[in-house]
Amino acid sequence: MVVFDADQTLWDFRRGMRRSLANRVVDLQQRFPTEAAELDVEALVEHRRRVADEHPGAISMADVRRFAFGFTVASIGVEDPDGSLVDWLCERFFAERLRPEDLFDDTLPMLDALHDAGLRTAVLTNGNADLVDADLQDRFELIVRAPEHGVAKPDVAAYRLVEERVGLQPAQLAMVGDDVGPDVHGARAAGWTAIWLTRDGAPVPDGPAPHHVVRSLAEVPARVA
């Protein structure tokens, strides 16, 4: 079975995130033209970074985003005592964050090739994106959002979740992902085959090396044949 990371592996998460953040800037500027006049996407990105740095591993990604919007609202001097404004921003952000056009060009052809070869596929992610938004929900036998189970890659427990649900041994599983720590080091620790996707051709960082390095998802079927 071939298991995939989601964000920046199957789709361009950064593009979708920035698009949705840009729309939230417009939302705030329309509702609070004076207070939000100087707000921009880079400010929202920085607010999220600060929140994540202050709570490393302590809260979910969805909570990080919610707290970041709370930081943004407070930074422009707008009161939101019941959190309804932050809830509204979150709802709109998550609804627009992922679209089918955000899929990388090599994603669907690669999945077709794996299907034609009779290989099973799954997703193991630390994120919270809904694959329905990318029209991918029927492409995978299993979708595991690790934080929903109280774990996260590279914790081996996240990989064991997949093994238990699909009834396979570590040697029968390969992990494909763009993030060396969660996707390569985690997979190696779990006894899986680790395939690192580096679209920009970056050198392999220190630590346990991937079994395979690919520049495109198009190379994956040959590596797992």
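Trainee: Where is Pro154 placed?
Mentor: Pro154 is in the loop between strand S3 (142-145) and helix H6 (156-166). Helices (H or I, at least four residues) and strands (E, at least two) are DSSP runs, numbered from the N terminus. Before we go on: this is a predicted model, where local features need pLDDT of at least 70 and side-chain atom pairs count only at pLDDT 80 or more, while totals for chains, interfaces and linings use all residues. Residues are numbered from 1 along each chain as its sequence is written, and side-chain values use heavy atoms, with hydrogens and water left out.

Trainee: Got it. What kind of peptide bond joins Lys153 and Pro154?
Mentor: A cis one, with omega at about 10°.

Trainee: Switching to helices: at what angle do H1 and H4 pack?
Mentor: Helix H1 (residues 13-31) and helix H4 (residues 84-96) pack at about 145°, and their axes are 9 Å apart. The axes are lines fitted to C-alpha atoms, for helices over the stretch in contact, and angles run from 0 to 180 degrees between N-to-C directions.

Trainee: And which residues meet there?
Mentor: On the H1 side they include Met17, Leu21, Asp27 and Arg31, and among those in H4 are Trp88, Arg92 and Glu96. Contact here means heavy atoms within 4.5 Å.

Trainee: Which residues of H5 are buried?
Mentor: In helix H5 (residues 107-116), Thr107, Met110, Leu111 and Leu114 are buried. Buried means under 20% relative accessible area, exposed over 50%, and partly exposed in between (1.4 Å probe, protein chains only).

Trainee: Why do they line one face of the helix?
Mentor: Looking down the axis of H5, the buried residues fall within an arc of 100°, so they line one face. That arc is taken from the directions from the helix axis to the C-beta atoms.

Trainee: What covers them?
Mentor: The cover includes strand S1 (2-4), strand S2 (121-125) and helix H8 (220-224).

Trainee: What comes after H5?
Mentor: Gly118 follows H5, and its phi is positive, near 80°.

Trainee: Which residue other than glycine has a positive phi near 65°?
Mentor: That's Gln8, in the loop between S1 and H1.

Trainee: Is Gln8 buried or exposed?
Mentor: Gln8 counts as buried, at 13% relative accessibility.

Trainee: And what about Asp135, buried or exposed?
Mentor: Asp135 is exposed, with a relative accessible area of 54%. Asp135 has a positive phi too, about 60°, and belongs to the loop between S2 and S3.
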